[in-house]
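Let us walk through this structure step by step. Keep the sequence and the 3D view side by side.

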Amino acid sequence: MPAEVLRKIYDPFFTTKNSPKDGQRKGTGLGLAVTYGIVQEHAGTIDVSSRVGEGTIFRLELPAADDVTREIEAGSRAGKAVHV
């Protein structure tokens, strides 16, 4: 992806698929915006590297479950409300 596209990829409703090729659907521009939000909500990171004409790589990192997550999961299995 060119640099000017990379700068906008997480913007809601940004799409490069305004004129889709055969077999493609028109993009809504929400996929990466939603993905970015989900990764952020889980205290993770999302990084992208791209070379024009060669390809693009996305790297998502999410933290391992911590004590708070374990408490929430244990409480929900036991049917208890857990306050954090």
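pLDDT is the predictor's confidence in each residue, on a scale from 0 to 100. It applies here because this is a predicted model. For the protein chain the mean pLDDT is 84. Of its residues, 80% reach 70 or more. Strand β2 has the highest mean, 96. Helix α3, residues 67-77, has the lowest, 66. Where pLDDT is low, the predicted coordinates should not be read in detail.

Next, the overall layout. The protein chain has three helices and two strands. Along the sequence they follow the pattern α-α-β-β-α. The chain counts 84 residues, and 12% of them are buried.

Now turn to the strands. Strand β1 covers residues 45-51, and strand β2 covers residues 55-61. They pair in the antiparallel sense, over seven bridges. Together β1 and β2 form a hairpin, with three residues between them. G53 sits in the turn and has a positive phi of about 80°. R51 has G55 as its bridge partner in β2. T45 has E61 as its bridge partner in β2.

S50 belongs to strand β1. Its side chain reaches the backbone oxygen of G55 at 3.4 Å. The side chain of S50 also joins that of T56 in a polar contact of 2.7 Å.

Charged groups come next. Side chains of opposite charge can pair when their charged atoms come close. How many salt bridges does a search of the whole structure find? There are two. One links E54 and R51, with the closest N and O atoms 3.9 Å apart. The cut-off for a salt bridge is 4 Å, so this pair qualifies. Both E54 and R51 are exposed. The other links R59 and E61, with the closest N and O atoms 2.4 Å apart.

Why does V39 count as buried? Its relative accessibility is 4%, and the limit for buried is under 20%. V39 and L62 are 23 residues apart along the chain, yet their C-alpha atoms are separated by 7.2 Å.

Finally, look at the surface. F13, L30, V34 and I38 form a nonpolar patch there. Together these four have about 380 Å² of accessible area. L30 is one of them. Where does L30 lie? It is in the loop between α1 (3-6) and α2 (31-41). L30 counts as partly exposed because its relative accessibility is 31%.

Methods
Residues numbered from 1 in each chain as written. Heavy atoms only, no water. Patch = residues over 30% accessible without salt bridge, like charges linked within 9 Å, V, L, I, M, F, W, Y side chains within 5 Å. Areas by Shrake-Rupley, 256 points an atom, 1.4 Å probe, with all protein chains shown as cover. Salt bridge = Lys/Arg side-chain N within 4 Å of Asp/Glu carboxyl O. Helix = DSSP H or I, 4+ residues; strand = E, 2+ residues; numbered from the N terminus. Buried < 20%, exposed > 50% of the residue type's maximum accessible area, 1.4 Å probe, protein only. Pairing = 2+ DSSP bridges. Polar contact = N/O pair within 3.5 Å; in protein donor to acceptor, adjacent residues only side chain to side chain.
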